[in-house]
Amino acid sequence: MSIGQTLLGALIVLFHILTDRFLEFILGWCLGPRRCVSTPRSVEQQVLLSKSAVDLAQQIRERKLKSYDIVKAYCERISIVNRELNAVVDGPFREALQQAQQIDINMAANAYSEQQLQELPFLGVPFTTKDSTAVAGKLQTMGLVARKQERANQDAEIVRLMKASGAIIIATSNVPELNKWMETRNMLIGGTNNPYDLRRSVGGSSGGEGALIAASCTAFGLGTDIGGSIRIPAFNCGIFGHKVTSCAINMAGCSFRTGKETDTMVVAGPMTRHAKDLRPIMNVLLEPSLRPVMKLDQPVDVKRLRYFYSPKIGIRWCNPINRETESVMVKVRQHFEALSGQQVRSVELPHSNIANKMWRYWMTQEPANFSLMLGNGVVLNPFVELFKKLLGKSNYTMAAVLALLDTVLPKESEALMRDATIKCKSYLQELLGDDGVLFFHSSPRTAPFHYYPLFKFLDFHYFSLFNVLRLPVTQVPMGLDSNGMPLGIQVIANHNNDRLCLAVAEELERAFGGWVPPFPLKL
Ligand SMILES: *[C@@H]1O[C@H](CO)[C@@H](O)[C@H](O)[C@H]1NC(C)=O
Ligand SMILES: *[C@@H]1O[C@H](CO)[C@@H](O)[C@H](O)[C@H]1NC(C)=O
């Protein structure tokens, strides 16, 4: 590298540090003192509401817990803390209590055969999903003022499957307009607040889910991810989220998808407080034809896997990795070096420094027409919308207007982007093979204040790169930083090797503690 380039690089880093500090200072000052979400009413509630979905299911089965008591506790918790989080669009649903009661009556009467119980792995366990995923009879606003009253008439396939596994839906949660931003805010519900610090962003687009799960308002949630929409909120809210291998889950009914789209970046996946919940939920959602390929239930020996890490993405306009984030990677490397007896090798992913452009190109290959959908059937003029926004007369957030403006900017070169994607993907697939795992930073820094991403938004490409590559990724919480905000890491494996990500996530949870409640504990 020449002296000129080195100097330019140093100036850019300085620019990032200064703007980051400046935004933290200004926004922090505007938003006032830090507050986190309230603690559950009693120690018993706290224990009940913190349990894993798998444990709840087991204890309902063993008749140690009643589904009614669990659903009631979560619904009450939602009613109390939604005032702080502003995360719910529709719910809590009254009929959820009736469904739970019926399950308890059936359990008491031994009405389920062994066979039936096996087909109902989540019998009586409450869950939530984002507003953009259809739940029959419930609101599906997509965060649009024009869709204020719109209800879905049919369950999305993932919701249908989850209900068929015995789980009970208790609410739907907030999203940015059409899921197209890395914060969760719209003009209908407003912005959703981070349980660890109500002034900070929950991320997006499954941000309502992130907040509800982290704050113990639901046993687990279902998200969707086209550019980090499961992993950004999972990271910001300190929980687990799994972006499944592309096309492994039927997307019918998720943000108006038909389920017939091929070669799309969007996938659905579980979001949970506990790593061990991810696999059984995936087992429910997975396309039957992929079961034999994915072998989710095949045991994984994490001591015998090969591990790699990539120190940075290389996009100039991303924040540099900060000290506390860096130390997460160091701890993870040390842990897996000790465990496997092998070096965790540093790798540089070819073309990751243009991940932003690759993602932007692949977004134009998606079936959705953003301008048309945002206008609810009317094509919007970005400049008119910007003008209206500046006059304070818009039905859209500034984020949506920016995303709209992006649609009229020059497009990326198709040939270059396809070529870069193929090169990056084949390098990584060859590297990982059938037993390799890559660690990648989730973000250069922890959850920013509300509105920060309007000024600096490229950091989310640490997530979007793996939508471009269509690979499975688990977002894993890794404790809190000095601001009390969740740290985390991404765990990546080869196509259909989701079970490796999940096994490593469980190992990380065992070693580093996983989810840390966002509220002060009653002991
Ligand atoms: C906002 O939406 C409402 C309800 O759909 C509509 O009546 C109003 O005209 C819209 N405002 C603007 C500025 O488009
Ligand atoms: C979206 O739909 C409108 C109206 O049909 C069309 O004019 C526009 O070109 C479409 N945009 C894209 C990106 O397909």
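User: Is L178 buried or exposed?

Analyst: This is a predicted model, in which local features need pLDDT of at least 70, side-chain atom pairs count only at pLDDT 80 or more, and totals for chains, interfaces and linings use all residues. Residues are numbered from 1 along each chain as its sequence is written, chains are lettered from A and ligands numbered from 1 in the order in which they are written, and side-chain values use heavy atoms, with hydrogens and water left out. Buried means under 20% relative accessible area, exposed over 50%, and partly exposed in between (1.4 Å probe, protein chains only). L178 has a relative accessibility of 12% and therefore counts as buried.

User: Which peptide bonds are cis?

Analyst: The bond from G91 to P92 is cis, with omega near 0°; P92 belongs to the loop between β1 (88–90) and α5 (94–108). The bond from G204 to S205 is also cis, with omega near 5°, and S205 is in the loop between β7 and α8.

User: Which residues is V202 in contact with, leaving aside its neighbours within four places in sequence?

Analyst: Contact means heavy atoms within 4.5 Å. With those neighbours left aside, V202 is in contact with a list of residues that includes T184, T192, P195, A211, I232 and C237. V202 sits in the loop between β7 (197–201) and α8 (207–214), and it counts as buried because its relative accessibility is 0%. I232 is 30 residues from V202 along the chain, and their C-alpha atoms are separated by 8.0 Å.

User: How should I read a polar contact, and which side chains does N319 join in this way?

Analyst: A polar contact is a pair of N or O atoms within 3.5 Å; within protein, one must be able to donate a hydrogen and the other to accept it, and residues adjacent in sequence count only if both atoms are side-chain atoms. The side chain of N319 makes one with the side chain of K456 at 2.6 Å, and another with the side chain of D459 at 2.8 Å. N319 lies in the loop between β11 (306–310) and α12 (323–340). With a relative accessible area of 5%, N319 is buried. Beyond four places in sequence, its contacts also include H16, D20 and Y452.

User: With which side chain does the side chain of R470 make a polar contact?

Analyst: The partner of R470 is D263, at 3.0 Å between the side chains. R470 is found in the loop between α19 and β14 (473–480), and it counts as buried because its relative accessibility is 6%. Not counting residues up to four places away in sequence, R470 touches K243, W362 and H495, among others.

User: Which residues are around ligand 1?

Analyst: A residue is near a molecule if one of its heavy atoms lies within 4 Å of it. Around ligand 1 these are V145, K388, K393 and N395. The protein covers 39% of the 360 Å² of accessible area that ligand 1 has on its own (Shrake-Rupley method, 1.4 Å probe; for residues, only the protein chains shown count as cover). A polar side-chain atom of N395 lies 2.3 Å from an oxygen atom of ligand 1.

User: Which residues are around ligand 2?

Analyst: The residues around ligand 2 are N369, L372 and V379. Taken alone, ligand 2 exposes 360 Å², and the protein buries 29% of that. An N or O atom in the side chain of N369 is 2.3 Å from an oxygen atom of ligand 2.

Key
Helices (H or I, at least four residues) and strands (E, at least two) are DSSP runs, numbered from the N terminus.
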